[in-house]
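The following exercises concern the structure displayed below. Please study it before reading each solution.

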Amino acid sequence: MNPFDLNRALGRLLGPADPEVGCEVCFEELDRYVELELAGEAVDTAIPGLRAHLVGCPACREEYESLRALVTAD
Ligand SMILES: [Zn+2]
C-alpha cells in the first residue's frame, strides 16, 4: 500500500473530514464556522476538516478562540 492509498484509507476510517484544509481555507471559513457552531449546527458536516485543523494548528486555534470570544461578548 503506498502512502497515498494509506491516506485515503485513513480518511475513510476517520469519516468525511477533508485532509486538505489548510490555514488559508481555515481563515476563510472561520467566521462561518464560529457562527454555525454557536447556532448549534453540525459544523463538522458543514465545514469538514476544519475542526481537525484547529486542533493541529495553534495559530488558527488562537484566531478561532479570539473570534469566538468576540462574537460571544456581544
Ligand atoms: Zn492553520
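**Exercise 1.** Determine which atoms coordinate the zinc ion.

Solution. Donors are N, O and S atoms within 2.8 Å of the metal (3.2 Å for Na, K and Ca), and water is not among the atoms, so sites may look incomplete. At 2.0 to 2.3 Å, the zinc ion is coordinated by Cys-23 (SG), His-53 (NE2), Cys-57 (SG) and Cys-60 (SG). Along the chain, these donors follow the spacing C-x29-H-x3-C-x2-C. Cys-23 lies in helix H2 (residues 23–38) and Cys-60 in helix H5 (residues 58–73), so the pair ties together parts that are 37 residues apart in sequence. Helices here are DSSP runs (H or I) of at least four residues, numbered from the N terminus.

The model is predicted: local features need pLDDT of at least 70, side-chain atom pairs count only at pLDDT 80 or more, and totals for chains, interfaces and linings use all residues. Residues are numbered from 1 along each chain as its sequence is written, and side-chain values use heavy atoms, with hydrogens and water left out.

**Exercise 2.** Decide whether Cys-23 and Cys-60 are buried, partly exposed or exposed.

Solution. Buried means under 20% relative accessible area, exposed over 50%, and partly exposed in between (1.4 Å probe, protein chains only). Cys-23 has 36% and is partly exposed. Cys-60 has 0% and is buried. Buried residues make up 23% of the 74 residues in the chain.

Technical notes: Helices (H or I, at least four residues) and strands (E, at least two) are DSSP runs, numbered from the N terminus.
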